[in-house]
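Here is my note on the model, as numbered points.

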Amino acid sequence: MMQQLGIEALRPGPSGDEHAPNHANYDESKANPYPKIPDPLTMDNGQKVTTAAEWWHERRPELVRAFSRYVYGEVPTHVPQVHWTVTAVDHERIGFRPVIATDLIGEADNSADPAITVKIHMTLVTPADAKGPVPVLMMFGPAGFPSPHEPSAEEFARINAAWKKQMTAQDPSLEQVFADHPAWEPFHATPFRFPQMNADGGLPNTWQLINDGWGFALIDPNSIQEDNGAGMRRGIIGLTNKGEPRTPEQWGALRAWAWGAGQGLDYLKTDPAVDSKHVGIEGVSRYGKAALVTMAYDQRFAMVLVGSSGKGGATLLRRNFGEAVESLTGGEYYWMAGNFMKYGASKAKFGSRNPGDIPVDSNELIALCAPRLTFISYGSPAKGDAKWLDHEGSYMATVDANRVFLLLGAKGLTMDGQPYTGPMPPINKGILDGQLAWRQHDGGHTDAPNMMYFLAWADKWMGRSAGQP
Ligand code: GCU
């Protein structure tokens, strides 16, 4: 990619270790080397955007093109079709609620290059007692059955009898052991256990969602596109390029994960258990970036919970605090478009570039989500949601994006009936009144302590009462 772009050298990213000599900047007075942030409401030709129509017809498409071209990459026009198959349906229980868990594979047509297979793994879980279609939160992470339904007592008895018979055939002396312990059975039902609690003493996200009457879909990003540079010639990016390297303007892994989520949504739209007008997308850390990218591009998603997303996510690219653009152009270049590497170049045929040259910034990415439900979540640095993520830079972007929510007639980032523009609120004080929400919880690098706030907020905007099956 460096050859394709004519880059000879990249500036190295800073160290995350605060004791290292080349550690990242954590001095707020040095954090804004490029204080002029691109304006979501000024067209590239300098004209101001003053109406919703101008936003929808002119400015939004312009920003979408710029994010594709310079930051996340373009989805090629001929991405192979995905065909979804239900591999198994299990009747499970999450907490005290019966659920239907459907395991799915979305296989991409690989007739153009049979050496590459792409099988998107997604598991959909919906309450079995629902009276109608339910909202669903799609979550980036490992897929699979959350709580497999176990054999009945009678089935366990048969399994145990067969096992003992097999063991005795292998070692006849075991017959006496089994006779001496007639009540002992090797396999039995897992006793009911309460799940591991979150840092805030709350239930896991999946339990909270089901308790509240929602469904969820687990979608495995690695089954769409591997999380490493070597995988660029495999996965959906590699398959689309028939195993050849990508070109500088093509998609990186974040955009590929977002595309995969869109494919998952195509399936959800066919399932009558799902209220497909109310499907959200969620992720933490690198998947928090992917969730925000999904929401920004794919307007069919009604809401997003962006967990601890940092650079490449909600944090301003122009900020110099913690993780840097150079961290992305160096180590994790494959998350982004090849073109993005230019902004970390110190020596290249085009000279050198820096983060201030990027035509767009994260305030505009958040703005692309407007006026849909957008919740920006972080945790506490003291508990491990590292300063590296630049909470302040994400907050600045959120406040600036709010102007677009307001232009579109939404309440946006609102507290006490007023658009909120004050300083970043303290931990555990959310700004949760409008369609753009911010909350930093007191847990670590997770969004779980914010899940109950997200659910109450999203339920309010959907006009549904909590816990409703
Ligand atoms: C690193 C990386 C971040 C990323 C995080 C993660 O810290 O620098 O960009 O979000 O890993 O995904 O865990």
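1. Helices, of at least four residues, and strands, of at least two, are DSSP runs numbered from the N terminus. In this predicted model, the protein chain has 12 helices and 13 strands by that count. Its radius of gyration is 25 Å, close to the 23 Å that the globule rule gives for 469 residues, so the chain is as compact as a globular protein of that length.

2. The C-alpha trace spans about 85 × 55 × 50 Å along its principal axes. Of the 469 residues in the protein chain, 54% are buried. Among contacts with a separation of 6 or more, 70% are between residues 24 or more positions apart.

3. The side chains include 42 positive and 52 negative ones, with the centres of the two sets 5 Å apart.

4. Which residues have the most contacts inside the largest nonpolar core? They are Met138, Ile236 and Leu268, in a core of 90 residues. Helix H7, residues 253-268, gives the most to this core, with 10 residues.

5. Leu268 deserves a separate entry. Leaving out residues up to four places away in sequence, Leu268 touches Met122, Leu124, Val136, Met138, Val274 and Val279. Another core, of 23 residues, lies apart from the one described above; among its members are Leu137, Trp207, Trp457 and Met462.

6. Next, the backbone. Most residues other than glycine have a negative phi, and most peptide bonds are trans. The bond joining Ala370 and Pro371 is cis, with omega about -5°. Pro371 sits in the loop between helix H10 (362-367) and strand E10 (373-378).

7. Ser285 has a positive phi, near 65°, and is not a glycine. Ser285 belongs to the loop between strand E7 (274-284) and helix H8 (286-297).

8. Asn428 is another residue other than glycine with a positive phi, near 75°. Asn428 is placed in the loop between strand E12 (418-419) and strand E13 (436-440). With a relative accessible area of 36%, Asn428 is partly exposed.

Note on methods:
Residues are numbered from 1 along each chain as its sequence is written. This is a predicted model: local features need pLDDT of at least 70, side-chain atom pairs count only at pLDDT 80 or more; totals for chains, interfaces and linings use all residues. Side-chain values use heavy atoms; hydrogens and water are left out. The radius of gyration is taken over C-alpha atoms; the globule rule is 2.2 Å times the number of residues to the power 0.38. Buried means under 20% relative accessible area, exposed over 50%, partly exposed in between (1.4 Å probe, protein chains only). Contact means heavy atoms within 4.5 Å. Lys and Arg count as positive and Asp and Glu as negative; His and the chain ends are not counted. The place of a charge is taken as NZ of Lys, CZ of Arg, CG of Asp or CD of Glu. A nonpolar core is a set of buried Ala, Val, Leu, Ile, Met, Phe, Trp, Tyr and Cys residues joined through side-chain atoms within 4.5 Å.
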